Amino acid sequence: MAPTTKPYKETLNLPKTGFDMKANLTVREPQFQDRWRDQDLYGQLRRARAGRARRILHDGPPYANGEIHMGTLLNKVLKDIVVRSMSMAGFDSPYVPGWDCHGLPIEHKVVKDLGPKAASMDHAAIRALCQAEAMKWVDLQRDQFRRLGVLGDWEHPYLTLDPRYEAGILDVLADLVERGFVHRQLKPIHWCITDRTALAEAELEYQEETTPSIYVNFEMVTGVPESWGEGPWHAMIWTTTPWTLPANVGIAAHPDLLYAGVEYTEPATGKSVRTILAADLVTKVMGLRKVEAFREVGRCRGRDLEHAEYRHPFLDRVSPIVLAGYVSVEDGTGLVHTAPGHGSEDYQTGRLYQLSILSPVDESGRFTDQAPDWVQGQQVFAANPGIVAHLKDSGHLYHEMPLVHSYPHCWRCKKPVIFRATEQWFIAVDHDDLRGRTLKAIDGVGWHPEWGQNRIESMVSLRPDWCISRQRSWGVPIPALGCNTCRTQLMTAATVRNFRDLFRAHGADVWYTRPVEELLPPGTSCPNCGGNSFRKEGDILDVWFESGSSHRGVLSKDFELGYPAYLYLEGSDQHRGWFQSSILTAVGANGTAPFEHVLTHGFVVDDKGRKISKSLGNYIPAYQMTNTYGADVLRLYVASMDYANDVPVSERGIKEMSEAYRKIRNTFRYLLGNLEDYGRFDSESVDPSNLHEMDLWALGQLNEVIRDVRAAYERFEFYRVYQRVYQFCAVELSSLYLDVLKDRLYAEAPEGPDRRAAQFVLARLHDVLTRLLAPIIPHTAEESWDYRPAPNGERTSVHLAEFPDPDPRWDDPARASRWEELLTMRERIFLSLEGLRKAKAIGSAQEAKVRIATATPDRWSSDRDLLATLCIVSEVEVIEDPSAAVEAVSAERSPHAKCERCWNYRESVGRLADHPALCERCARVIEGMNPSSAIG
RNA sequence: GGGCGCAUAGCUCAGACGGCUAGAGCGCACCCCUGAUAAGGGUGAGGUCCGAGGUUCGAAUCCUCGUGCGCCCA
């Protein structure tokens, strides 16, 4: 008997690798991140790509507040995949991340934590606390982004509070001032009359409040339809803020609403009154005073009343009726009292009709000398009853009643706030055709998806002038100087540039810490009056102006990335936000768009497509998910989604993605397991003529994968990368090629040409797939790369490599189409095997023999052995059957004995006396690897 | 309320120009293997293509009107 002492299993070349099946990502990923940091992978990549064509993805700065959430994760991972894929495509793509550090949320938090103390602290002290708060979050978010594997210049990010960056902001501002875009103008803002301070929307708390609700007849002067007959006619308005009536300069009507001219008998006086109000509201309004004696005289559309004029009830002023889309018949009279100095919508309408912006109210909410003398000095809320009484006495008041409704209150003192017009700094969008030139620049940018262009165009076309001033502490001061002589404000390109240089040298804090005299160049004088005594004004810049200036501070100066950027990539909300503030400032200051392409992504929603919100309880903590499932799983998840639409995120979805991740990981593991001994060989030494038919097919398929994947990366369609690679792993590889290859890999002689040929393909598969996936799952790709068969054991990073190219040697369209037939036949064979299995005749496919009965045996005879191999059956027999219209496929249990070593059922088993349990092939292999056994 | 966008199996995606019985992978069910083994293989069941009209010989695809959801405004 054969003397082989060891079991046959040990004579097989079974897979062996240190590449663990268990990913253990939460432990391994930080190790790779440390390694990349220690070896300065980012710096190495910069040096490796030096001199190549540049493609800059310019990072939109996230707000330095709070932990990252799924939306931030989505955005940052997409950016990282873009940057990495551009690098691997051969471009020089540095990535400098940034943070938006100024702004209300941080200031708000700091002031809230300080409590009453805040009131007694100066700007500089509060700003120091704000800076600490911002930096705390920068550091935390930086760690979390790094934990996601995002590769970039984390040691040198751009921060909007960096003096260099602050200088860049003022550099842009100076250019805009120089070109005449910046001016001052009245605008109503929320104002707390107790704290004497401006309030932002986020500082308002809405509470129920009882206010007077009054219906007032304003006497018409012109514009009433003649057919309605003699007057005097009136227009009946409704308001809950009588104190704003002194600032009334218009009445708004809806263009499409029907209005009625009504004649009614005033109950108190018995006099007949003619007034106009929305036709739908006549009955309701008359019912308020139980007026039964009324009749409609006529009707007209709101647009017919445009430019009709009325007289102010207690001021010597005639004002027009104007049109506005927000007018409704929800409540009131359908005619809206309009005071552009005291309301946001009123202001918009006022600007449209060029109405005066009146606001005869001072900082503490008292009427100024611009108001009628009988209310001067009164606080506005206290003045309400007097104004109502005045209207009643003069016969203008139709009705008064108390109304409880939601009204904004100050977050700090809880008192009701008012709208008050104050002077603000604006960028004039229509100066020097900035709007038109911006629209032209927009047209020259590549918007992805394309509808983004339409979206931003319509926003830019309709947007009002940009108010860039804020009455806060935490930001970049607008370096405007108030002349103590004539009270005008001075801000010229020269003064702004003066402060730009000071900010660059000392930071923006100098504005607050040093007296104005030290900051001004000697001889500065007021262009208006010649005065030379100034004070520092207190406003800061809108943070959108700050981030919108990044093309100067980051692309052009200091970071010198290159202007314009190739790509901006943010959520679709930034069509109104950063994309717009960036292109407006860039066109204004530079004359060109700061980006060549803009890519947008949708928002993270839950698995039912609803937005993420506290009240729905569907929040998924991003960082916690990373530390549970691993960054690569989350990155794969992000990559798998068509992010142009909303991106549904659920823990269930992430779990499912871990399964997909494991499939990919196992594919790598299989490849590596069969390449353990391959590194000693030069792959170039493999003679292509040794490659089997199916090897050539697999290499040809891989070429297609390379082409599809690279094209998908180029178009930022990462979900196509994912689908393509994943399905290739699952279908072409796992269930077909790699499965079929086992016999050759395990059972053939380890260094024989058949096994080496298979390994040649496996090595290429591994090399190509690792590179192609490196931008998406950088940690796993690096780990896989570590284990690759490298001739000298050299250890470089896959992230320094470039994408693979298709190898034209393996392209063969004829082969591809022949294989479609083969694979169809394979399916039919599987079907008949399944029948055998159901009948308990066989278990594994190797136990079966397949018979194809066909009228054209020549078609299949040459592929007999290939089919047997592809189906992993022991034998395929082709017989001629002239009566068979189509091939008839059948299967039966193999009549032969099982080879103990390779488990195939072969006629040759038992024929060899030395190896009675082996097939001929296995016997030959055994003899080759163990010559001494022959002596036995 | 307005502007923009999206809607195909439980999930993620395919479905140029309108044209087979609407496809793939995952998941699921059942089965096989135990030499990729917290793996691997096979078979199968899943769809009113959001709804209603319309154009057309023919619509997932084109048009209109809805519904739901998201972003941005108001």
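**Entry 1: helix 6**

The model is predicted, so local features need pLDDT of at least 70 and side-chain atom pairs count only at pLDDT 80 or more, while totals for chains, interfaces and linings use all residues. Residues are numbered from 1 along each chain as its sequence is written, chains are lettered from A and ligands numbered from 1 in the order in which they are written, and side-chain values use heavy atoms, with hydrogens and water left out.

I then checked the span of helix 6, residues 163-178. Its 16 residues reach 22 Å from first C-alpha to last, close to the 22 Å expected at 1.5 Å a residue; the expected span is 1.5 Å times one less than the number of residues. At the start of helix 6, a side-chain oxygen of Asp-162 comes to within 2.8 Å of the backbone nitrogen of Arg-164. I use "polar contact" for a pair of N or O atoms within 3.5 Å; within protein, one must be able to donate a hydrogen and the other to accept it, and residues adjacent in sequence count only if both atoms are side-chain atoms.

Buried means under 20% relative accessible area, exposed over 50%, and partly exposed in between, with a 1.4 Å probe and protein chains only.

I traced an open sheet of 4 strands in the order 5-4-16-18, with antiparallel pairing. Its edge strands are strand 5 (197-199) and strand 18 (466-467), each of which pairs on one side only. Two strands pair if DSSP finds at least two bridges between them.

I noted the bridges for each pair of strands:
- Strand 4 (residues 182-192) is joined to strand 5 by 3 bridges.
- Strand 4 and strand 16 are antiparallel over 10 bridges.
- Strand 16 and strand 18 are joined by 2 bridges.

Which residues are the bridge partners of Trp-191? I found Ala-198 in strand 5 and Ile-418 in strand 16. The charged end of Arg-420 sits over the ring of Trp-191, 4.5 Å from its centre. For this I require NZ of Lys or CZ of Arg within 6 Å of the ring centre and within 35 degrees of the ring normal. Likewise, the charged end of Arg-184 sits over the ring of Trp-425, 5.1 Å from its centre.

Strand 16 (residues 418-427) is mostly covered, with 8 of its 10 residues buried. Phe-426 stands opposite Cys-467 in strand 18.

**Entry 2: aromatic pairs**

I counted rings of Phe, Tyr and Trp (its six-membered ring) as paired if their centres lie within 6.5 Å; planes under 30 degrees apart are stacked, over 60 edge-to-face, and the rest tilted. The count comes to 29 aromatic pairs. Trp-447 and Phe-579 have ring centres 6.5 Å apart and planes at 70°, so this pair is edge-to-face. The pair links distant parts of the chain, 132 residues apart: Trp-447 is in strand 17 (residues 446-448) and Phe-579 in helix 17 (residues 578-589). Both are buried.

I also looked up Phe-499 and Trp-511, an edge-to-face pair at 5.1 Å centre to centre and 75° between the planes. Phe-499 lies in helix 12 (residues 493-506) and Trp-511 in helix 13 (residues 510-513), so the pair ties together parts 12 residues apart in sequence. Both Phe-499 and Trp-511 are buried.

Ring pairs also link Trp-447, Tyr-568, Trp-578, Phe-579 and Phe-595 into a cluster.

**Entry 3: RNA strand B**

I listed 52 residues around RNA strand B, of which Gly-609, Asp-642, Arg-662, Gln-727 and Arg-901 come nearest. A residue is near a molecule or strand if one of its heavy atoms lies within 4 Å of it. Sugar and phosphate make up 81% of the RNA strand B atoms that come within 4 Å of the protein.

I noted these side-chain contacts:
- Glu-345 has an N or O atom 3.1 Å from a sugar or linking oxygen of RNA strand B.
- Lys-663 has a polar atom 3.3 Å from a phosphate oxygen.
- Lys-840 has an N or O atom 3.4 Å from a phosphate oxygen.

Helix 22 gives the largest share of the surface near RNA strand B, 9 residues.
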